[in-house]
Amino acid sequence: MTPGADLDALRAKLRPFEEAELALLRSVVSRPPWLPEEDEAALRYALNLARVTLLRLPGGADLDLEELLDPFRQELHAVVAPLLLRPGGVDRGAAARLARHLRTRALSWRRRALLAFADRLPPAALDAEVCEKALVLVCGGGGGVSWSYLGAFALLEQYGLVPRLLAGASMGATLLLLRARRLRYSEAEVREVLAGLSFRGVFRFLETESRYGLPGAMRLYLRQAVGGLLQAPDGRPLTLADLPIPLLVAVTGIRNGAVPHDPSFYEHLLDFAGRMPRPHVVKRAVSDLRAVVGELVTQRDRFARIYLGADPETAAFDAVDAVGFSSALPGVIHYDVLRDDPRMHRLLAALFRRYDLFRLMDGGITDNLPARAAFDLVRRGALGTRNAFVVGLDAFAPKLAHPLWFTLQQLVAQNVARNRPFIGHAKSFQKVLSPVEVIPGAAHLTRAIQWGKEEFLPELPLLSRMCRPFAPPPEVREGT
């Protein structure tokens with residue numbers, strides 16, 4: 001079995017217990033109180049114990065409990081599926097009656113695990129893995145539609161939910177970089193930063209060398225625009241490894257011989273004579289872009305899905321460069337590292353050798369919502385805990401209300417589908433700015449943030465309950 005197949009199989013094995021926990025908590029938060037918190041904790045303890053495979057020990061080593069707990073998983077799945085995964089919703093009476101039984105069974109298997117590894121497994125380490133859940137936030141790209149995510153960031157902060165891992169592509173990765181630079185999110189600070197941006201300050205219509213990025217009509221000068229915000233105390237640029245919240249950035253690597261046209265084709269695809277097009281020109285531009293992206297999508301097997309920040313080598317990338325390459329939309333936006341920077345040139349050269357690359361381009365072309373890659377990073381132990389809940393935010397999902405962009409959205413949605421099994425809770429934003437509003441004015445930005453808050457607010461009771469640590473059963477707390 002390939003490593004990728006191993007990951008899919010593992011997710012398929014564990015997902016029913018996450019879905020059962022989700023169904024339980026949806027019922028708990030959407031109805032008048034019907035389940036005592038102690039019974040809720042007992043059910044959740046059993047469901048999360050069933051998801052334990054590798055467990056990080058205090059000394060840093062991993063302990064493999066997957067085989068030991070497999071019989072418990074089979075037993076639990078047979079019991080809870082009829083109750084918590086019913087089409088009609090949770091059977092509340094049966095769930096309440098089941099709590100005592102599952103408390104007993106979970107504690108029995110907990111004792112088995114502690115006895116089997118008595119010399120290595122501290123009880124507190126097992127209980128922490130079961131009762132504490134890390135929030136992983138994944139954001140898709142799509143240009144101006146992504147500004148609604150800022151409303152979600154603000155609400156998560158308001159509810160005290162601090163992500164342990166961030167992952168994104170294109171514009172989603174760029175906004176996540178603003179989130180990753182502080183453990184606590186300040187909407188006022190981000191608004192102040194964005195108020196200083198202008199289209200002319202971020203994009204320029206200049207012909208220049210193409211060294212690592214696929215050319216486009218507009219050059220993205222992200223470092224000049226926001227680089228000052230992303231510096232270490234000694235003045236050096238922050239790398240992905242330096243960020244207080246780890247950030248995984250999806251980038252598409254074009255392998256040698258895979259691009260269907262000479263690079264100059266993409267550089268002059270959208271010739272706007274040095275200025276942004278008038279509205280009547282946008283329709284033609286989107287049609288051209290759709291054709292180019294569609295052509296590239298057909299070459300997907302010859303592209304490399306690259307996740308900067310997933311390993312020590314790519315975590316050394318300057319954070320601004322990582323999201324810059326992820327936002328380099330073919331034929332439209334060109335990002336490159338042309339400055340005198342030996343360290344980044346060495347890192348890029350090593351990346352190009354590793355994947356046999358010709359150029360880099362927008363991560364959304366091959367993975368616009370990289371939840372699978374984020375799940376993989378968690379399973380490999382990047383956060384210590386493997387008990388993580390992945391929330392996916394997508395503002396570029398196909399919308400019939402946006403006919404101009406519908407076909408392009410459908411093309412991108414093809415790569416989103418492979419990530420759905422790895423998303424615990426998905427939110428598709430419907431009220432969004434146009435994709436072309438990549439640098440919105442103050443009024444439009446305020447509108448997008450407010451739309452994001454209005455759409456995301458109903459999700460917060462569930463997400464808050466899911467990510468809030470809960471107490472183990474009383475028998476555990478009493479030391480039995």
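This is a predicted model: local features need pLDDT of at least 70, side-chain atom pairs count only at pLDDT 80 or more; totals for chains, interfaces and linings use all residues.

Tutor: Residues are numbered from 1 along each chain as its sequence is written, and side-chain values use heavy atoms, with hydrogens and water left out.

Student: How many aromatic pairs are there by the rule for ring centres?

Tutor: Rings of Phe, Tyr and Trp (its six-membered ring) pair if their centres lie within 6.5 Å; planes under 30 degrees apart count as stacked, over 60 as edge-to-face and the rest as tilted. By this rule the count is eight aromatic pairs.

Student: Of what kind is the pair of Phe153 and Tyr185?

Tutor: Phe153 lies in helix H6 (residues 149–158) and Tyr185 in the loop between helix H7 (170–180) and helix H8 (187–195), so the pair ties together parts 32 residues apart in sequence. Helices (H or I, at least four residues) and strands (E, at least two) are DSSP runs, numbered from the N terminus. The ring centres are 5.8 Å apart and the planes stand at 85°, so the pair is edge-to-face.

Student: Is Phe422 buried or exposed?

Tutor: Phe422 forms a tilted pair with Phe375, at 5.2 Å centre to centre and 55° between the planes. Buried means under 20% relative accessible area, exposed over 50%, partly exposed in between (1.4 Å probe, protein chains only). At 2% relative accessibility, Phe422 is buried.

Student: Which residue lies over the face of Trp109?

Tutor: A charge sits over a ring if NZ of Lys or CZ of Arg is within 6 Å of the ring centre and within 35 degrees of the ring normal. At 4.0 Å from the ring centre of Trp109, the residue over its face is Arg112.

Student: What is the relative accessible area of Asp356?

Tutor: Asp356 has a positive phi of about 55° although it is not a glycine. Its place is the loop between helix H15 (342–355) and strand E10 (357–362). Asp356 is partly exposed, with a relative accessible area of 43%.
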